[in-house]
Amino acid sequence: MIFDPTCIACPNCDVLHKVAPAAVATRAKCAQCGYRLTSGRPEAIARVVGLALTSIILMGVVLFAPFLRLNAGPFGSAASVVDVVLGFATGIMVPLALSVLCFIIVLPVARAALLLYALSPIIAGVGNFPGAPAALRFAFSLKPWAMAEIFMVGVAVALVKLAGMARVEMGAAFWAFALFVLVNAFQDTFMCRNTLWTALSARRR
Amino acid sequence: MDRSVSSPSLTTARRAGLVACRSCGIVSPFGTRACLRCGSRLESRDEASLQRVWAWLLAGLIVYIPANTYPMLRTTQLFQTSESTIVGGVVELVHHHAYAIAAIVFIASVVIPVGKFLVIGYLAVLLRRPHGQDPHKLHTLHTAVEFIGRWSMIDVFVVAILTALVQFDVVASVKPGLAAACFALSVVFTMLSAQAFDPRLIWDRIKEESPR
Ligand SMILES: [Zn+2]
Ligand SMILES: [Zn+2]
């Protein structure tokens, strides 16, 4: 089957656009609704691969280092990110604990891993891995469900709530997680559907 | 001038006898089941879209009620147990003069969810028939709801962190209440509701009314 990669439709309003293949370095918006059809950054693939790799390494630090330490007089408690999740894990709260685990760790890491799987062969100059299109499609659809940045705001709110009763120290995992959120935000500026899909399908043979 | 894009007549894929992929953007002949490039399921217009929007919205609305009436946090300090609901937690923060944080929690847990119910409901009612509204405005509303909706999750994460950190036996301990689970479900359901929405309906139904 053949398709024309220069003819794309806006996902929001269905208007057809012709995106010239020579103009990969030109950004383009939908003429009707203003949706960014292509970001015009051919370097996006390399950036996304590099940032996805970085975020997986950072998440490794997050998992095996203390996240927050609380000191209240003679009492002290330390919590890793995993502890934060397991705090919920009693009785009927177990499903909630598991979904929090997914939102803040599993899905963000899965997204980075899927992007790496789908796009790194393009950088390496080898053929696509089997199932690469499904991996890329999945990575895009995971976007709203990966909530690392929202968790970080939650941490800030919790710190203020605790400020009156105890002293809180940030551990290595806290800073790694903050970095993870920044890396992810930077990566999202390169997540252009048209650029990534064109690059992926150009190599499929 | 944007020269890389030329679409002088603004034809939709549907009118050109094509079906567009909402995942990767390319078009396939009408009737194609799966996208030729990325393999995602193709549908020129998601006819059941509004039904799924209503179903998820209703589910989200139903669990939002216990999310507000049941306690979110159960705090035990020196044998005294106190419970606080979502709104109660905000009031407590105001008493402690943490106005900025109170505002964040109030917006994330009350303003955004309620606004989301209203906006999705409004769009779903409006788009059953051709509408005379400015499609750009409706489009902005939908984009905003999809973008902001997930931020409601803040309060659930706050409860998780407090539960993990404040564990000093009888002196002070925090346990999550049933509302935390209900609220998380409500956020997930309304996110699914916003995602079920086919934004192409916004642009279709306006054209039916103004033949130009
Ligand atoms: Zn458009
Ligand atoms: Zn596709």
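**Figure 1. Chain A is built from seven helices and seven strands.** Helices here are DSSP runs of H or I with at least four residues, strands are runs of E with at least two, and both are numbered from the N terminus. Start at the N terminus of chain A and you read β-β-β-β-α-β-β-α-α-α-α-β-α-α. This is a predicted model, where local features need pLDDT of at least 70, side-chain atom pairs count only at pLDDT 80 or more, and totals for chains, interfaces and linings use all residues. Residues are numbered from 1 along each chain as its sequence is written, chains are lettered from A and ligands numbered from 1 in the order in which they are written, and side-chain values use heavy atoms, with hydrogens and water left out.

**Figure 2. Chain A as a whole fills a box of roughly 70 × 40 × 35 Å.** That box is drawn around the C-alpha atoms, along the principal axes. Of the 205 residues in chain A, 51% are buried. Buried means under 20% relative accessible area, exposed means over 50%, and partly exposed is in between (1.4 Å probe, protein chains only). Now look at contacts, meaning heavy atoms within 4.5 Å. Take those in chain A with a separation of 6 or more: 64% of them come from residues 24 or more positions apart. Chain A exposes about 8,800 Å², and carbon and sulfur atoms supply 69% of that. Accessible areas like this one come from the Shrake-Rupley method with a 1.4 Å probe, and for residues only the protein chains shown count as cover.

**Figure 3. Chain A and chain B meet through 68 residues from chain A and 65 residues from chain B.** Together the two chains bury about 5,900 Å², with 73% of it on carbon and sulfur atoms. Buried area is the accessible area (1.4 Å probe) that two parts lose on being put together, summed over both. The interface also has 13 residue pairs in polar contact, both residues at pLDDT 80 or more. A polar contact is a pair of N or O atoms within 3.5 Å; within protein, one must be able to donate a hydrogen and the other to accept it, and residues adjacent in sequence count only if both atoms are side-chain atoms. On the side of chain A that touches chain B, helix α5 (residues 148–162) gives the largest share, eleven residues. The residues on that side of chain A split into 45 nonpolar, eleven polar and twelve charged.

**Figure 4. Two salt bridges cross the interface of chain A and chain B.** A salt bridge is a side-chain nitrogen of Lys or Arg within 4 Å of a carboxyl oxygen of Asp or Glu. In one, R150(B) pairs with E149(A), with the closest N and O atoms 3.0 Å apart. D14(A) also forms a salt bridge with R45(B), where the closest N and O atoms are 2.8 Å apart. This pair runs from the loop between β1 (7–9) and β2 (16–19) of chain A to the loop between β3 (27–29) and α1 (49–69) of chain B. D14(A) is buried at 1% relative accessibility, and R45(B) is buried too, at 5%.

**Figure 5. D14(A), R45(B) and D204(B) are linked in a network of salt bridges.** Zoom in on R45(B) and D204(B), and you find their closest N and O atoms 2.3 Å apart. D204(B) sits in helix α7 (residues 200–209) of chain B and R45(B) in the loop between β3 and α1, so this pair ties together parts 159 residues apart in sequence. D204(B) counts as buried, at 15% relative accessibility.

**Figure 6. I104(A) is buried, with a relative accessible area of 0%.** You can find I104(A) in helix α3 (residues 94–124) of chain A. Leaving aside neighbours within four places in sequence, the contacts of I104(A) include M59(A), F151(A) and, from the other chain, F157(B). V81(A) is 23 residues away along the chain, and its C-alpha atom is 9.0 Å from that of I104(A).

**Figure 7. T190(B) sits in helix α6 (residues 178–196) of chain B.** T190(B) is buried, at 2% relative accessible area. Its side chain joins that of K116(B) in a polar contact of 2.8 Å.

Key:
Ala, Val, Leu, Ile, Met, Phe, Trp, Tyr, Cys and Pro count as nonpolar, Asp, Glu, Lys and Arg as charged, and the others, Gly among them, as polar.
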